Amino acid sequence: MVQAKDERAKLFYRACAEFQEFPEESRTLFLPIETVVAAFS
């Protein structure tokens, strides 16, 4: 989970991984657990 400091940072995180916004239209981003598990498999 990350808190992007601005829209530019948010776009960076979204481009690097499958981050999703929660709640919608916010700068709080998280990786779904399935994505995390797949990264370690």
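What percentage of the 41 residues in the protein chain do buried residues make up? In this predicted model, buried residues account for 24% of the 41 residues in the protein chain. The C-alpha atoms fill a box of roughly 30 × 20 × 10 Å when taken along the principal axes, and the protein chain exposes about 3400 Å², of which carbon and sulfur atoms supply 60%. Where contacts between residues at least 6 apart in sequence are considered, 20% of them join residues at least 24 apart.

## Overall arrangement

The protein chain contains two helices and three strands, and, read along the sequence, these elements follow the pattern β-α-β-β-α. The three strands form an open sheet with antiparallel pairing, in the order β1-β3-β2. The edge strands of this sheet are β1 (2–3) and β2 (20–21), each of which pairs on one side only. As a general point, strands of a sheet pair through backbone hydrogen bonds, in either a parallel or an antiparallel manner. Between β2 and β3, which run antiparallel, there are two bridges, and Gln20 has Phe30 as its bridge partner in β3. Helix α1, which covers residues 7–16, lies across β1, β2 and β3, and runs at about 10 degrees to β3.

## Thr28 in strand β3

Strand β3 spans residues 28–30, and Thr28 lies within it. Is Thr28 buried or exposed? Thr28 has a relative accessible area of 17%, and because the limit for a buried residue is under 20%, Thr28 counts as buried. The side chain of Thr28 makes a polar contact of 2.5 Å with the side chain of Gln3. When neighbours within four places in sequence are left aside, Thr28 is in contact with Met1, Val2 and Gln3, and also with Gln20, Glu21 and Phe22. This list can be read beside the strand order, in which β3 stands between β1 and β2, with β1 covering residues 2–3 and β2 covering residues 20–21.

Glu21 is found in strand β2 and, with a relative accessible area of 15%, is buried. Not counting residues up to four places away in sequence, Glu21 touches Lys10, Arg14, Ser26, Thr28, Leu29 and Phe30. Two of these contacts are also polar contacts between side chains: one joins Glu21 and Lys10 at 3.2 Å, and another joins Glu21 and Arg14 at 2.9 Å.

| Lys or Arg residue | Glu residue | N to O distance |
|---|---|---|
| Lys10 | Glu7 | 3.7 Å |
| Lys10 | Glu21 | 3.2 Å |
| Arg14 | Glu21 | 2.9 Å |

Taken together, Glu7, Lys10, Arg14 and Glu21 are linked in a network of salt bridges. Since Glu21 lies in strand β2 and Lys10 in helix α1, the pair ties together parts that are eleven residues apart in sequence. The pair of Lys10 and Glu7 is placed otherwise: these two residues are three residues apart in helix α1, so they are separated by about one helical turn. Glu21, for its part, also meets Arg14 in a salt bridge.

## Bringing the two sites together

Thr28 and Glu21 are linked by contact, given that Glu21 is among the residues in contact with Thr28. Through its side chain, Thr28 makes a polar contact with Gln3, whereas the side chain of Glu21 makes its polar contacts with Lys10 and Arg14. Helix α1, in which Lys10 is placed, lies across β1, β2 and β3.

How values were computed. Residues are numbered from 1 along each chain as its sequence is written. This is a predicted model: local features need pLDDT of at least 70, side-chain atom pairs count only at pLDDT 80 or more; totals for chains, interfaces and linings use all residues. Side-chain values use heavy atoms; hydrogens and water are left out. Helices (H or I, at least four residues) and strands (E, at least two) are DSSP runs, numbered from the N terminus. Buried means under 20% relative accessible area, exposed over 50%, partly exposed in between (1.4 Å probe, protein chains only). A polar contact is a pair of N or O atoms within 3.5 Å; within protein, one must be able to donate a hydrogen and the other to accept it, and residues adjacent in sequence count only if both atoms are side-chain atoms. Contact means heavy atoms within 4.5 Å. Two strands pair if DSSP finds at least two bridges between them. Axes are lines fitted to C-alpha atoms, for helices over the stretch in contact, and angles run from 0 to 180 degrees between N-to-C directions. Accessible areas come from the Shrake-Rupley method with a 1.4 Å probe; for residues, only the protein chains shown count as cover. A salt bridge is a side-chain nitrogen of Lys or Arg within 4 Å of a carboxyl oxygen of Asp or Glu.
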